[in-house]
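Here is a short report on one structure. Keep the sequence and the 3D view open as you read.

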Protein chains: 2
Amino acid sequence: MGLIGGSLAAALRRNTSGDPGFDGHITGVVRSKSTGERALDMGLVDQISDDPAAAAAKADIILLAVPMLSMRAQLSLIAPAVNSKTIITDAGSVKGRFIDDARSVFPRLNRVVPGHPIAGGEHSGVQASNPELYVNRRVLLTPLEETEEEATEAVEHLWKLAGAVTERLGAEHHDRVLASTSHLPHALAFALVDTLATQQEAEEIFRYAAGGFKDFTRIASSDAIMWRDICLSNRDAMLDAMDAFGAHFEQLRKAIDQGDARQMEDIFRRAKQARDEHA
Amino acid sequence: MGLIGGSLAAALRRNTSGDPGFDGHITGVVRSKSTGERALDMGLVDQISDDPAAAAAKADIILLAVPMLSMRAQLSLIAPAVNSKTIITDAGSVKGRFIDDARSVFPRLNRVVPGHPIAGGEHSGVQASNPELYVNRRVLLTPLEETEEEATEAVEHLWKLAGAVTERLGAEHHDRVLASTSHLPHALAFALVDTLATQQEAEEIFRYAAGGFKDFTRIASSDAIMWRDICLSNRDAMLDAMDAFGAHFEQLRKAIDQGDARQMEDIFRRAKQARDEHA
């Protein structure tokens, strides 16, 4: 249990968003005793457990919110324990990979509702849990053809109680769009900060940085393991997005190299217009 | 007169930051009547003028705050009007270029104090003027060997009255550091937004963007002409910075392509550490 699960629990426990609201029992599965005590102290959960299978055996809905490469192991642990009515959802950033993992463990995915809350940030850990984290944020669900409508609706209901707006789309489509809108920007921020940190004038570079730079590089403070796993799990879509960016970056580099004022201006105006229109 | 000059005027007119404070006369030089009226209405200036030479003839200190490629024309207009005591400073992002421009116009630069306030943002125009814009912000000055100490101190005093922290460094050094810390991030943000805007799923991409993305691309809303001029004026340092970034980006791309988890993790950890330490 970390930021993502803790914040959903916090939102459900506050029980402010809906009528009839949430009156269920919440068990937080943790690896470390201190995280569990923290979750209890913060009033996020009714109970903690360090045994995923035992917790799963008693659950109606299970939310898996672990780094992408830990999903399969967690699914393997809970698979023998769940019954035919247990709903399984997740908060992973790459839906194709989660579906592959679920397929490797379950004979049918009729109770599996892959999900992805577009929220979070550079802070992590259960101590950062925030009942407002999902308010007005999108949660993208990518149910399969075999997923039962009632299971998807139960997961939608949970997120709506936390104030989120749910949307459904295909898993492959999700992974392609997120590669552009989230995974590529993170790659750029990580690569930029890494570039600057290894330059001779690193100290000064960070000292003279203005507000825009800090906004720009905030996402480079995100968790390394989480992002390693995303890059490993969404490899093809990410490479496509990186290559598309590379071509545009090279076009701009060439314009600068050649002093092509018109071309630069076109790129900058197009970008400004798109940013102002959409964001 | 735009955001940069307007905000300095606003700060000086508020006269809150210093003792003895500022009791000088401020003339705003404008091209359009409406901008001038705006500056007067906002109480930023004592007077407006559409004649740079006439305004310069009466000034003790002149601040040039125009896009880099407009500097030379403005310097040419005021050069015949100034006297041997007039101090000339600027707010341009590329100091080498401003110095070249000043050299082409003045026989000696003893009264020229090149400067660069590290402030601003995606908003521009005199209407965005803000007396707080420079509070605790750095203003980098790159006086030349021939610049008289008293002239540099007069410019430092002005910025300090606006709440800024001034620092002195060499012009070439300034341009190299700023290429990394400001010009490169802007190039990345412009290229990223341009990449996404031209993709098939552009609508969705912007719709599913999370907060991190919006922070990341905010600087792509900056003024196109200002940034075209910066790219043209700081070409060599910018190409160096872009190539350094390109090498790190390619290293990350290769790690993703090859599924090299260790390499990814190293890059992400290094970046996170540098970001957390410095920013």
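## A β-α-β unit in chain A

E7(A), helix H6 (residues 149-161) of chain A and E8(A) form a right-handed β-α-β unit. Right-handed means that, with the strands pointing away from the viewer, the path from the first strand over the helix to the second runs clockwise. Helices (H or I, at least four residues) and strands (E, at least two) are DSSP runs, numbered from the N terminus.

Strands E7 (residues 138-141) and E8 (residues 165-168) of chain A run parallel, joined by four bridges. Pairing requires at least two bridges found by DSSP. Leu141(A) sits opposite Arg168(A) of E8(A).

## How the model is read

This is a predicted model: local features need pLDDT of at least 70, side-chain atom pairs count only at pLDDT 80 or more, and totals for chains, interfaces and linings use all residues. Residues are numbered from 1 along each chain as its sequence is written, chains are lettered from A and ligands numbered from 1 in the order written, and side-chain values use heavy atoms, without hydrogens and water.

## Where the chains meet

Chain A has 82 residues in contact (heavy atoms within 4.5 Å) with 82 residues of chain B. The area buried between the two chains is about 8000 Å², and carbon and sulfur atoms give 67% of that. Buried area is the accessible area (1.4 Å probe) that two parts lose on being put together, summed over both. Tyr208(A), Phe216(A) and Arg275(A) supply 10% of the area that chain A buries against chain B, more than any other three residues.
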